[in-house]
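Please read the following walk through one protein model with the sequence and coordinates at hand. The text moves from a sheet to a pair of helices and then to a single residue.

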Amino acid sequence: MAVNRVSQLCFDITRLWLQLKMMTDEILQTEELPLCAAKIGTELQKQFATLPGGRGTDGSPIMIFPEFPAFSELKEDELKNVLNYLIHVPSIATSGVGFILVIDRRLDRWAAVRATLLRIAGSFPANVNLVLVLRPTTLVQRALSDFLFKFSKDEFKMKVVMLSSVTDLHAYIDPGQLTTNLGGVQEYCHESWISHRTAIEAFALMVKTTAHTLQAFGTELAETELPNDAEATTILLHSHSLKKEKMKEDLQVSQSQGVRLLECINEPFQTDIEYHTTHDELENLATVQRLLGQLDETETAFDDFWERHRSKLEQCLQLRHFEQHFRDVRSQLDATLERLRGFSEVSVNPAHADHVLGELTCHEEKACDVLDYALSLASKGDGLIESAHYAEDSIRPKCCELRAMCEDISSTLRDKKEFLLTAMELHRLLEKASRWCEEGIYLLASQPMDRCQSQDGAEAALQELERYLDTAPLHTLINCSAICCQYEPVLTSQLKEQVERVFQKQSSVQEMFDKRLISLKKLAAKQTRPVQPVAPRPEVKSPHASPNQQRKERRYSADNALCRKVESPVHNGSTRHASLSEEEENLAVLRRHVMNELLETERVYVEELLCVLEGYAAEMDNPSMAHLIPSILLSKKDILFGNMSEIYQFHKRTFLKDLAAYTNCPELVGRCFLERMKDLQIYEAYCQNKPRSESLWRQCSDCAFFQECQKKLEHKLGLDSYLLKPVQRITKYQLLLKELLKYSKGCEGCDDLQEALSSILGILKAVNDSMHLIAITGYEGNLSELGRLLMQGSFSVWTEHKKGHAKVKDLARFKPMQRHLFLHEKALLFCKKREENAEGYEKAPFYSFKHSLNMSAVGITENAKGDNKKFEVWCNSREEVFIVQAATPEIKTSWVNEIRKVLTKQLKACRDASQQKSCDSPNHTTNYSISLSPFWSSSLKNQKKQEDKKAEASPVSDNSSTPPKHKDEMVTSPTAEKSSVAKKRFTLQGFGNLKSPKGWSKVLLSVDACEENDGYSSGEETLNSDPEDDTGQKLIPGKYTMVADSEKTGSHEMSVRSGDVVQLIREGEEGQWFVKNLRSSKEGWMAQANLLGLISESKSSHSLSNSDDSVSGNLSTSSSCSATYTSFSDIKP
């Protein structure tokens, strides 16, 4: 039926096209000679022949040959083209009557008239009824023409009439059919005539082209077969729609041009109602009106045809979409049904049952989506059938098939869910019974047996057990056979074994309760005498144990249920053994639970890594998926996945197997972590790459490749969630180790677990530090050459430095610089923290490098500016000083301690190297000569006296608990005694400041007066300073070197700079000294208290000499007990 409709429409369009073609052919001449005014416009412009539109009495068209002196010079082609064109302007019927030729040669000669007649007679292509010649008007030429015409008229082969005047012409032709130049009334303009003819012919050509296009389009549609897929149908419908729109535009253009042409033809009528219309103008008007009417009819027929064709194509497109969706949903239904049939609903324990139910619920959710989609598609099919679709016989079976498959899947889901819920009910009963048994065991183990020795205590314990036994019917299983019969459909062999174990456990617990009840009843029945409670296991403590350790052990003993059992002497052996076994069993159960979780999550973790590597990483190398991969992702698999493959291989081949080996002894699993601690450091590289991976993922997360991979894997979560798994896993280990450590106290592997936990936390810290380290930008060197990163954190920093003798402070803004410090083994980096406006890892800060200090040239001052959160870092004898303020005093203390360790380690390494070099020289011996100033000696003596007194007063037990000290060391407590007279701060300087090419010495460890804070130093030797000894220290005249700057506080006082050499001349009153600066030659007074902290006496020194490598050192002190270590330099021979 559809084919018949298309054929009928095609026939209609063909008919209309033929009609238009015939009409346009009449206007555009014959097909053999398609002349038009536009092509011969130049010849027509010469106006040697015109067709004004007049008619003779018999209806013959009148063609006029006006005066044209160059007529004999016309080319033959020009004459033929013009004559051929003009004879085809009238209709075929009019042209068939024959033409009347009017030749105007009134101003010419007879010879030209004769030549014109002969040429016209030989060239005129149509019938000629009459030739009227207006002969020359001059006397000679008129006489000559009259005479010679009689002899030549037979040569013309046409009926030629010689006329003497226009009046004679009117006897043959009505003046109304002649133009004004021939005495007629017609207004003729040759230019307007050419313009009208050109427009009419252009319109006719356009109509003809449009008709031909319509016919070709109709033929194309009739011959087009309907495609077999939706995409091709869509393309075809779009293509046909574009062609239809183009044809509609052509039709509209043709119609608009015809309307304008019609208005132009009618214009003379509208302007002059007495206008005399020629026959040719009337024919042109009728022709244009006929063409316009035919165009309207053609457009209407075409619109009707197009609507039917478009409806056909749209139904075809609906069918193809339905078929494509049917194939898709059919494959999804098949996959869902196969997945459900292969899904095992058998569970082994409640947790597994919950897991299986979760998986089944996930499958059900996915299946529901597919079922909804399938049923929706079936409803769409029903809608197509109701709309009288031509493919009803193909759509109806598919809808029935979809509904049948949906019912099959729903039935399978119901059966499996019912089976699983029944199994879960049994699991809950078993778990409930097992929990009752475990709680009963715990109750038996937790009863304080020391209280049971009295009659009241025994009765209370007896009542407690009886109350618990009363709850047994609500929690325990009654009949094993009944349970097996009730749950027979879900009772697998493994589940049946669990049922048997639970009943066996119930029996064992009941037996334990019965035994305990018997014992308690005996104790409650009669008490002969009070019994002294006895601890089941006496604690053996080291005589050297500290009080804190003793309290900790007592607290652990009190918390441990195994050590709280107390029995009477009669029942001591059996009851204590039972209590210990029960408590150990409970802790073992808890350890096994944690170990099972560790193993289970490890297996899941390995499977997830494999899933990512096979489902995403491997697919990036799959040629069939290459077209889905965006260009930004090409060759960047290593960036996106990092070293996940290495992590997977380690866990799959090594770590999972190692963990499984400790299944039966979870308390020893710490050894596994310690053995593989180096391997676990591979997570550091993964975490360092994670920001780059996250950035790449953000740029292409929505691409079709990841969506297709996720669809294949049936993952609810995207790839980014799985890329986070390694980061989550390394943090999960420390939580599991904490749990194991909690339940393994006192066990064999407790220390290993503690060490493993510390190591894992160390890895996490290293990972965190490295994440900050890789964010440093602008550092030109290699960060790996700076040694291990020890600490990192944000601080407020002020700076000051010396230029010459002037001290410049960068404190103009009163605001500190916010800097992020990175402490390495070999350098201290100052960076500026910057944030970016982004999300996720893109929001992670980065650090702009600003400054670095070599640790070999660094010194620290532990307390600065009277603030317990500030400390100083300086170098080059305090030429550059950085005042650093931490957020809390604890952070400041940790940084100071870590820097002290680095500097002390450097100093110790240098000292050991020097001693080793001295020992390697066989011909020299090392002599140490110590020359101390009186202040230093008195300080050492007082300190030695205090230590001797403390040693005599200390008991033997205290000494035994204190670790021995080296005989050359004096240790100072971090909490030194505060003094209101003089409080000190200590400075530790790096060994790099000691190096000098010329043997000069610098201060290594000095003590400066501080207003508010106490401190302590950690150098080669640590010294205590007693404030009371400072009062006895005196200065003596001599030369001293200033080790710090001092500004004058009065008009008579003098200011000095570090490095100045001053001479103490005499002592004045009130502790003032008259001083001369040998560098500036200035003299003035300075307070003795200031001098004690500023001078280093050049005469009193501690020299260390070696004849091999010429090592020497100077040790000087001030009255403030400043301990100073100086550099090694060459000793003069």
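This is a predicted model: local features need pLDDT of at least 70, side-chain atom pairs count only at pLDDT 80 or more; totals for chains, interfaces and linings use all residues.

Four strands form an open sheet in the order β1-β2-β3-β4, and their pairing is parallel. The edge positions belong to β1 (62-65) and β4 (160-163); each has a single partner strand, so one side of each is left without a neighbour in the sheet. From one strand to the next, the twist averages 20°. Inside the sheet, strand β2 (residues 99-104) runs parallel to strand β3 (residues 128-134), and 6 bridges join them. Isoleucine 100, for example, has leucine 130 in β3 as its bridge partner.

Next is a helix pair. Helix α22 (residues 682-700) packs against helix α25 (residues 725-742) at an angle of about 135°, and their axes are 10 Å apart. The crossing of α22 past α25 is left-handed. On the α22 side, Tyr683, Tyr686 and Cys687 meet Pro726, Val727, Arg729 and Ile730 of α25. By class, the residues of this contact are 6 nonpolar, no polar and 1 charged.

The last stop is glutamate 345, in the loop between α10 (279-342) and α11 (350-386). Is this residue buried or exposed? Glutamate 345 has a relative accessible area of 17%; buried means under 20%, so glutamate 345 is buried. Leaving aside residues up to four places away in sequence, glutamate 345 touches Val356, Lys416, Phe419 and Leu420. Aspartate 415 is 70 residues from glutamate 345 in sequence, with a C-alpha to C-alpha distance of 10.0 Å.

How values were computed
Residues are numbered from 1 along each chain as its sequence is written. Side-chain values use heavy atoms; hydrogens and water are left out. Helices (H or I, at least four residues) and strands (E, at least two) are DSSP runs, numbered from the N terminus. Buried means under 20% relative accessible area, exposed over 50%, partly exposed in between (1.4 Å probe, protein chains only). Contact means heavy atoms within 4.5 Å. Axes are lines fitted to C-alpha atoms, for helices over the stretch in contact, and angles run from 0 to 180 degrees between N-to-C directions. A crossing is left-handed if the near helix is turned anticlockwise from the far one by less than a right angle, and right-handed if clockwise. Ala, Val, Leu, Ile, Met, Phe, Trp, Tyr, Cys and Pro count as nonpolar, Asp, Glu, Lys and Arg as charged, and the others, Gly among them, as polar. Two strands pair if DSSP finds at least two bridges between them.
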